[in-house]
Amino acid sequence: MVNKLLLLGDEAVAQGALDAGLSGVYAYPGTPSTEITEYIQQHPLARERGVRSRWCTNEKTAMEAALGMSYAGRRALVCMKHVGMNVCADAFVNAAVTGVNGGLVVLAADDPSMHSSQNEQDSRFYGRFAMVPVLEPSSQQEAYDMMSDAFALSERLQLPVLMRIVTRLAHSRAAVQVDIARAQNPLSPAADRTHWVLLPGNARRQYAALVEKQAEIKRIAAAATCNQLTLGRRGGVGIVACGIGYNYVREVASADVSVLKVSHYPLPEASVRQLAAHCSELLVVEDGQPVVEEQVRGLLPDDYPVCGRTTGHLPRTGELTPDNVAHALGKENRRAFDKAVNVAARPPQLCHGCGHRDVYEALNQVVSQYPAARVFGDIGCYTLGALPPYQAIDTCVDMGASITMAKGAADAGLHPAIAVIGDSTFTHSGMTGLLDAVNDQSPITVIISDNLTTAMTGGQDSAGTHKYEAICLALGVEREHLHVVVPLPKNMEEIRRIIRQEIEYQGVSVIIPQRDCIQAYARRNKQVAH
């Protein structure tokens, strides 16, 4: 009997990993990757097999733990959104040098158009940087099938494999045919210690071995069945379609157009040249940055026309759509609906009843008395405090930057310098910044707005819940300058007094407003009622 499931792209990845004999998934929640780990956490097979699936403190710890599971001989999956690749880059790049034992797949979910992100970076660059194979599925079925292929490829090459998906694939559904689950790998720790100890002598030898593998990696990619060259009419435009871009091409292009589908990197250079010889120009369709477009241009003569995102045929920013792909091919899709007019924009806002609201109200009242004050924000749902009606934060750059930017501004003489950071973000990458500030006795006030969960991505467990006071004391924050408050209207005068008091202190102070996320609280009550 054929077993089909209706799955999100994220869920297809998760099901594919489980059926490939997964022993552990390591991740930090981040849209659009979160549902992968959640699906595994809730799956009966994962519980039956004891698949490790708790959330990690950040993407670096996730990558390193997965590498440890691989060292022990078992198959491991690491999941993150694209900016998480920056956090785990040290471990990821060095894992290509150590090599792996059990299969290790790193799943990066990119977010073109920045639906819930601060940049549009393309994770395929990391694959090239680390010199490892990169897979980019074009459909949910291919995402499922590729997981088994990726683990097998990882063990064949003894390298991590990077799989890249994008928001539109991650969060859309399709029917997926699934197979019988493979058994997990047995425990078999790596025997050759020199591979895993990157002292310079060992590292040089391992790096040379990685370079030698590049020819085999290219041969495997060139022969991959997911890379398909279909030659149509001679002359005219040929299309290089990468990942989900292949779907859009098939939706809008004529059946006789020549297409090279690319889902396994390194780029199949011979197929690119064959397509170019058959056509008079090439259009590169890729969701993200012009990674392949630039490579294709480098493969062909300077006067051969190559079009794409850098030439304006496709938008330089934002995600692909069938409409902009059709436009690049000289067609226009007929719109079924006119664009809505006279509709007011509805920007996101903090939930009614959210403790962050009370924190920002108190903070704004105090800060208004200090014309030079600056509030350095961070990544989380509390970032919405930058919007009306609060307009309470002045910066938001990357995970953990609030504390270290406040420190740097204080070092420059700015006063008061205030940092606002969420509980999950603090343990993700704020603790080291606080230690720097303590060691330098920086005159900053840090507000750790603790809603007892990782709220922005759906209410996952936060690594430091009920531990923040102890962590701050252990990092050297003085007891008399560490305060835990409950952000409720009845406590506003106390909170304002504490903020004023600590702004005037010429050292590091921490205020922890602590109250349940209103959404998580409502979900728990609903579960209890049922």
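Arg-164 is buried, at 0% relative accessibility (buried means under 20% relative accessible area, exposed over 50%, partly exposed in between, with a 1.4 Å probe and protein chains only). Asp-110 is also buried, at 0%. The model is predicted: local features need pLDDT of at least 70, side-chain atom pairs count only at pLDDT 80 or more, and totals for chains, interfaces and linings use all residues. Residues are numbered from 1 along each chain as its sequence is written, and side-chain values use heavy atoms, leaving out hydrogens and water.

**Salt bridges**

- The count comes to 21 salt bridges (a side-chain nitrogen of Lys or Arg within 4 Å of a carboxyl oxygen of Asp or Glu).
- Asp-110 and Arg-164 form one of them, at 2.7 Å from N to O.
- Asp-110 sits in strand S4 and Arg-164 in strand S6, so this pair ties together parts 54 residues apart in sequence (strands are DSSP runs of E, at least two residues; helices are runs of H or I, at least four; both are numbered from the N terminus).
- Lys-261 pairs with Glu-142, with the closest N and O atoms 2.8 Å apart.
- Lys-261 is buried at 3%, and Glu-142 is buried at 13%.
- Arg-496 bridges to Glu-493 at 2.9 Å between the closest N and O atoms.
- Both lie in helix H20, about one helical turn apart.
- Arg-496 is buried at 15%, whereas Glu-493 is partly exposed at 47%.

**Helix contact**

- Arg-496 in H20 is also among the residues where H16 meets H20 (contact means heavy atoms within 4.5 Å).
- Among the H16 residues in this contact are Asp-358 and Leu-363.
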